[in-house]
Amino acid sequence: MANPDVVLRPCTDADLDALEAWQSTGNTRTHARRFARQRAGTSTYYLATLGDDPEVFVGSAEIRWDGCLDPVVPRCPEINGLQVWPEHLQSRGIGTAMIGLLEDAARQRDHQVLGLGVIDPRPKRLYLRLGYADTGPDYTDRYTWIDEHHREHQVADAARWMTKAL
């Protein structure tokens, strides 16, 4: 798929059930949590579709306008939770198109820099190719997930901070 016609739009209340059907987050309710931050005004939770099928999600990402939660990371808006799904759609230009649209959204709000944390070397190569600089610092990306018995699990992943001047 060369140059896919990706459409990015903010999540709405009406999308939450369809998002769970698209990619279930179980008791963790990740989609609802991201949408709650959007409603609070601290982020925008974007959904990606392809122009020829606007009803089918192919990706999602959040821009946290208040930045990364780790205090060692410099303050700027953060791309968080970028994903292309289902997996067979990955490596077809959808993520690249989404990043460009997310950058446009940050520019429209007059932001000069956009950041993201990276854990896996594969997306890091993509981000470097798209003009993100490995500016550091290293930090710990922390999140919680909730299992089928409603037990919380804390996760802490080593991450590297990257930024791009817009």
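Is Tyr132 buried or exposed? Tyr132 is buried, with a relative accessible area of 2%. The model is a predicted one, and the points below go from the whole protein to single residues.

1. Overall make-up. The protein has 4 helices and 7 strands. Read from the N terminus, its elements follow the order β-α-α-β-β-β-α-β-α-β-β. Buried residues account for 42% of the 166 residues.

2. Dimensions. Along the principal axes, the C-alpha atoms fill a box of roughly 40 × 35 × 30 Å. The radius of gyration is 16 Å, which agrees with the value near 15 Å that a compact globule of 166 residues would have.

3. Strand 2, neighbours. Strand 1 (residues 6–10) runs antiparallel to strand 2 and is joined to it by 5 bridges. Within that pairing, Pro10 has Tyr46 of strand 2 as its bridge partner. Strand 3 (residues 53–64) is also antiparallel to strand 2, with 8 bridges between them. On this side, Ser43 has Arg64 of strand 3 as its bridge partner. Strands 2 and 3 form a hairpin, with 2 residues between them.

4. Aromatic pairs. A search of the whole structure gives 3 aromatic pairs. One of them is Trp22 with Phe57: the ring centres are 5.8 Å apart and the planes stand at 65°, so the pair is edge-to-face. This pair links distant parts of the chain, since Trp22 belongs to helix 1 (residues 16–22) and Phe57 to strand 3, 35 residues apart. Trp22 is buried at a relative accessible area of 15%, and Phe57 is buried at 6%. Another pair is Tyr127 with Tyr132, whose ring centres lie 6.1 Å apart with planes at 65°, so this pair too is edge-to-face.

5. Ends of helix 4. Helix 4 spans residues 121–129, and Asp120 caps its N-terminal end. A side-chain oxygen of Asp120 lies 2.9 Å from the backbone nitrogen of Arg122. After the helix comes Gly131, with a positive phi near 100°.

6. A charge over a ring. Arg109 lies over the face of Trp65, at 4.1 Å from the ring centre.

7. Cysteines. How many disulfides are there? The count is 0. The sulfur of Cys68 has its closest cysteine sulfur in Cys76, 8.9 Å away, which is too far for a bond. A disulfide would need the two sulfur atoms within 2.5 Å. Both residues are shielded to the extent that they count as buried: Cys68 has 5% relative accessibility, and Cys76 has a relative accessible area of 11%.

Technical notes:
Residues numbered from 1 in each chain as written. Predicted model: local features only at pLDDT ≥ 70, side-chain atom pairs only at ≥ 80, totals over all residues. Heavy atoms only, no water. Pairing = 2+ DSSP bridges. Polar contact = N/O pair within 3.5 Å; in protein donor to acceptor, adjacent residues only side chain to side chain. Phe/Tyr/Trp six-rings, centres within 6.5 Å; stacked < 30°, edge-to-face > 60°. Buried < 20%, exposed > 50% of the residue type's maximum accessible area, 1.4 Å probe, protein only. Lys NZ or Arg CZ within 6 Å of the ring centre and 35° of its normal. Rg over C-alpha atoms; globule rule 2.2 N^0.38 Å.
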